[in-house]
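Keep the sequence and the model open beside you, and try each task before reading its solution.

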Amino acid sequence: MLTFDPQERVVGFDDARRASDIPLDRLSRTDSEWLVALIDIVDDRSVDAAFWERHPAGDKILYVLEGGIAVTLAPEGGQETTARVGAPGACVIPRGTWYRLGVLSPGRILSVTPRVGTEDRRCVE
């Protein structure tokens, strides 16, 4: 059995679907294909609001446990749309769709993220 503090670690799944706990300070060096993380949302900086991101390997799932977020999607060749998701609520960000998050009210989210091929780019405003 794997036990850990979700405030200090995330769960990563490798290509054999084995779970391991990953310290937050090693997150950028992991080779896990999927990550499950509990994230405190305090302000836009805590959700990297200055960046667009997309995941070509699969859909991303966000569960809003406390507080609220704004999720802006920018599909290729489509128009930007923004949805407000408050607790208790969830959303699925489709595979390959550019998105960014903003914090509407402080709280926590649970994120399930496919990491393989993840891309990001700075927002231009």
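## Rings and a charge

The structure holds zero aromatic pairs, where rings of Phe, Tyr and Trp (its six-membered ring) pair if their centres lie within 6.5 Å. The model is predicted, so local features need pLDDT of at least 70 and side-chain atom pairs pLDDT 80 or more, while totals for chains, interfaces and linings use all residues. Residues are numbered from 1 along each chain as its sequence is written, and side-chain values use heavy atoms, with hydrogens and water left out.

**Exercise 1.** Find what sits over the ring of Trp98.

*Solution.* Start at the ring centre and look for a charged end: that of Arg121 is 4.0 Å away, over the ring. The criterion is NZ of Lys or CZ of Arg within 6 Å of the ring centre and within 35 degrees of the ring normal.

## Strands

**Exercise 2.** Work out how strand S1 pairs with S2 and with S3.

*Solution.* First, the terms: strands are DSSP runs (E, at least two residues) numbered from the N terminus, and two of them pair if DSSP finds at least two bridges between them.

Next, take S1 (residues 9–13) and S2 (residues 19–23): they are antiparallel, with five bridges. Val10 has Ile22 of S2 as its bridge partner. Five residues separate the two strands of this hairpin, and Arg17 in the turn has a positive phi of about 65°.

Then turn to S3 (residues 34–41), which pairs with S1 in the antiparallel sense over three bridges. Here Val11 is opposite Val36.

Last, look at Leu38, also in S3. Beyond its neighbours within four places in sequence, its contacts (heavy atoms within 4.5 Å) include Pro6, Leu65 and Ile109.

**Exercise 3.** Decide whether Val71 is buried or exposed, and list what it touches.

*Solution.* Locate Val71 in strand S5 (residues 60–74). Its relative accessible area is 5%, so Val71 is buried; the cut-offs are under 20% for buried, over 50% for exposed and partly exposed in between, with a 1.4 Å probe and protein chains only. Setting aside residues up to four places away in sequence, Val71 touches Thr81, Thr82, Ala83, Val85, Cys91, Ile93, Arg100 and Leu101.

**Exercise 4.** Repeat this for Thr113, and find the polar contact of its side chain.

*Solution.* Thr113 belongs to strand S8 (residues 98–114). Thr113 counts as buried because its relative accessibility is 9%. Its side chain makes a polar contact with the side chain of Ser111 at 2.8 Å. Such a contact is a pair of N or O atoms within 3.5 Å; within protein, one must be able to donate a hydrogen and the other to accept it, and residues adjacent in sequence count only if both atoms are side-chain atoms.

Key:
Helix = DSSP H or I, 4+ residues; strand = E, 2+ residues; numbered from the N terminus. Phe/Tyr/Trp six-rings, centres within 6.5 Å; stacked < 30°, edge-to-face > 60°.
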